[in-house]
Amino acid sequence: AEILAEAAAFKKSAVAYLHPEVGVCLEDANLFGRNYFERASAPDVENMEEAKERAKILAEAAALKQLASDYMHPEVGVKTTDPTLFGRNYFNRYSAPETDEDEFADERAEILAEAAALKKSAVAYMHPEVGVCSEDATLFGRNYFERASAPDVESMEEAEEKAKILAEAAALKHLARDYMHPEV
């Protein structure tokens, strides 16, 4: 009888553990507890529909992030783990045309080196904000525009205001001269 009572208690404990939505039924009026999940100050809990919608939105955002990363970094290449996807290498097959001879390969290498130098020059020209990087410690230069004793550079608005003030001063000087020397 004692073993059956113990087994019944284990079964009741297992059912309570596996089905928390059932809740706790109390038979003793002296037992009580506070529900921390349904009080007024408890944080909001999302229902199942909201959780599914949130998971769907996060999955779409992750897919968009992956697409943006693939677009912005084409040098990474395409990686796949699907064994049904395959491609054919047209460069190493037996029927591929033969590769260039050494003299053409050297000339091609020179042309590619020149093209790389031109590209570097074009990038430096189109992006002056990047600045110049030098590894040679003997190279140096002085910045005459941002030194402490450099004259202040005025903005366009300040230059226009200065021009107005100078024009008014010139007009006042002309009026003063006319007033002081009416004979002229």
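Visitor: Which residues line the largest pocket?

Guide: The lining of the largest pocket is made up of Lys120, Val123, Ala124, His127, Pro128, Val130, Gly131, Val132 and Cys133. A residue counts as lining when it has an atom within 4 Å of a point of the pocket, which is an open set of points on a 1 Å grid over the protein atoms alone, where a 1.4 Å probe fits, with protein on both sides within 12 Å along at least five of seven lines. This is a predicted model, in which local features need pLDDT of at least 70 and side-chain atom pairs count only at pLDDT 80 or more, while totals for chains, interfaces and linings use all residues. Residues are numbered from 1 along each chain as its sequence is written, and side-chain values use heavy atoms, with hydrogens and water left out.

Visitor: What is the volume of the largest pocket, and how is its lining divided by class?

Guide: The largest pocket has a volume of about 280 Å³, a volume being the space filled by probe spheres set on the grid points, which are joined across faces, edges and corners. Its lining has six nonpolar, two polar and one charged residues, where Ala, Val, Leu, Ile, Met, Phe, Trp, Tyr, Cys and Pro count as nonpolar, Asp, Glu, Lys and Arg as charged, and the others, Gly among them, as polar.

Visitor: What lines the second largest pocket?

Guide: Lys12, Val15, Ala16, His19, Pro20, Val22, Gly23, Val24, Cys25 and Glu27 line the second largest pocket, whose volume is about 210 Å³. By class, six of these lining residues are nonpolar, two are polar and two are charged.

Visitor: Why is Val24 called exposed?

Guide: Val24 has a relative accessible area of 72%, and exposed means over 50%, buried under 20% and partly exposed in between (1.4 Å probe, protein chains only), so the value falls in the exposed class. Val24 lies in the loop between α1 (2–18) and α2 (48–72), and its C-alpha is 77 Å in space from that of Ala96, although the two are 72 residues apart in sequence.

Visitor: What puts Ala5 in its accessibility class?

Guide: Ala5, which has its place in helix α1, has 48% relative accessibility and therefore counts as partly exposed. Glu21, in the loop between α1 and α2, reaches 60% and so counts as exposed.

Visitor: How do you know how spread out the chain is?

Guide: The chain comes to four helices and zero strands, each helix being a DSSP run (H or I, at least four residues; strands are E, at least two), numbered from the N terminus. The radius of gyration of the chain is 41 Å, well over the 16 Å that the globule rule gives for 184 residues, so the chain is more spread out than a compact globule; the radius is taken over C-alpha atoms, and the rule is 2.2 Å times the number of residues to the power 0.38. The C-alpha atoms fill a box of roughly 135 × 80 × 35 Å along the principal axes, and 2% of the 184 residues count as buried.

Visitor: What is the predictor's confidence in the chain?

Guide: The mean pLDDT, a confidence given for each residue from 0 to 100, is 83 for the chain, and 96% of its residues reach 70 or more. Among the elements, helix α3 (residues 102–126) has the lowest mean pLDDT (87) and helix α4 (residues 156–180) the highest (93).
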